[in-house]
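Please look over the model shown below before reading on. The report then takes up its domains, its ligand and some details of its backbone.

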Amino acid sequence: MSKDTILVVGGAGYIGSHMVKMLDEKGYNVIVYDNLSTGFEDLILVDNFIKGDIANTRKLDKVFSENDIDAVMHFAAFTQVGESMKNPQKYYKNNVVNVYKLLNRMLKHDIEYFIFSSSAAVYGEPESIPIREYLPRNPINTYGKTKAMVEDILEDYDRAYDLKYSSLRYFNAAGADESSKIGEKHDPETHLIPLVLKTALNEREKIYIFGTDYKTKDGTCIRDYIHVNDLASAHLKAMERLFEGESSEVFNLGSGKGYSVREIIEKSKQITGIDFEVEEAGRRPGDPPVLIAESKKADMLLGWQRKYSLEDIIRTAWQWHKRNQRS
Ligand code: UFG
């Protein structure tokens, strides 16, 4: 089987590593390009790894010259909302300037297809729920702004240079591969599900609930959690759709169901069979009360079918965290 060659930028990260595994299993030739600033070499399950930064245009030129690359997937962004507000320079440089450089190298080497990891953060505090793609983008933090800026660049590059792209706006990525060989690994960890499971493992004393006075059913924030392998399968379908000559599009990727922070904690207690300490704390700045996707566009245009429920998300994440427990 002779398949296309895909350059996965940021393939040593949480979502990128799951993408790499899936592409490899589907028979694609995969090249991982990652500077390991937030990724981990042990998450890369293929042999072809180039340690490099996308800011390094000479190195990128070399990669593009020496390999017959058909498409580029980008997972190499910084993703911490709080940090993006404290240090916007870091975010504009890596998430915008470096992506701009990457796109220009792609144009130079006639690479036509780009799959971009965007975010629900582009919507800010949406005017209606569930969130549809046509709602106005109104990011309330620097991270979300960087994603919206790249979407603008992509729109212009498609119009002017015929660069074909899919911009995938993830909601809350969670869970781990069933193999438990790869999973959510961040340093520092800030996300709810891994922090809850680390508390169950006694790696943390307690879990804090950030805000209990939101106008939601139980006062805590509601999020739409989507399994990392469901995200990866959407990328694959989005890329194959572009290969078939279809137009550039923006897609929401979520489950369409929302769960509160309290529900996540309760489900995690059930699934792990472990009780742990929970403390109510103040709101975390910049948290929208409710984010739930409408992903019908991806269902219809990509034929995307989600395989994993919230239980599967917590179960697979739990398997991964148990296996990678701090000793
Ligand atoms: N939360 C807690 N306690 C914790 C950690 C999180 O109560 O210890 C709460 C948060 O306040 C939030 C919810 O759990 O209400 C989910 O928080 P996460 O940090 O897991 O995820 P976010 O929804 O903040 O962030 C996600 C992505 C971002 C993206 C954002 C869009 O991780 O990349 O959605 O708003 F920008």
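## Two domains

The domain bounds used here come from an automatic or database domain assignment, and the model to which they are applied is a predicted one. In this assignment the protein chain is divided into domain 1, with residues 5–174 + 226–253, and domain 2, with residues 192–223 + 256–323. When the centres are taken over C-alpha atoms, domain 1 and domain 2 are separated by 24 Å.

How many residues of domain 1 are in contact with domain 2? There are 27 residues of domain 1 in contact with 24 residues of domain 2. The size of an interface is often given as the accessible area lost when the parts come together. Domain 1 and domain 2 bury about 2300 Å² between them, and 66% of this buried area is on carbon and sulfur atoms.

## The shell around the ligand

The ligand is surrounded by 21 residues, and the closest of these are Leu192, Tyr208, Arg223, Arg284 and Asp287. Sorted by class, the shell holds 13 nonpolar, five polar and three charged residues. Both domains take part, since the shell draws at least three residues from each of domain 1 and domain 2. Helix H6 (192–200) and strand S8 (206–210) each supply at least two residues of the shell, and strand S8 gives the most, with four residues.

In asparagine 172, a polar side-chain atom lies 2.9 Å from an oxygen atom of the ligand. For phenylalanine 210, by contrast, the polar atom belongs to the backbone, and an oxygen atom of the ligand is 2.9 Å from it. Taken alone the ligand exposes 680 Å², and the protein buries 92% of that area.

## Details of the backbone

Which residues are joined by cis peptide bonds? Another cis peptide bond joins aspartate 187 and proline 188, with omega about 5 degrees, and proline 188 lies in the loop between strand S7 (172–174) and helix H6.

A further detail concerns aspartate 110, a residue other than glycine whose phi has a positive value, near 60 degrees. Aspartate 110 lies in the loop between helix H4 (88–108) and strand S5.

Conventions
Residues numbered from 1 in each chain as written. Predicted model: local features only at pLDDT ≥ 70, side-chain atom pairs only at ≥ 80, totals over all residues. Heavy atoms only, no water. Near = heavy atom within 4 Å. Polar contact = N/O pair within 3.5 Å; in protein donor to acceptor, adjacent residues only side chain to side chain. Areas by Shrake-Rupley, 256 points an atom, 1.4 Å probe, with all protein chains shown as cover. Nonpolar A, V, L, I, M, F, W, Y, C, P; charged D, E, K, R; others polar. Contact = heavy atoms within 4.5 Å. Buried area = accessible area lost by both parts, 1.4 Å probe.
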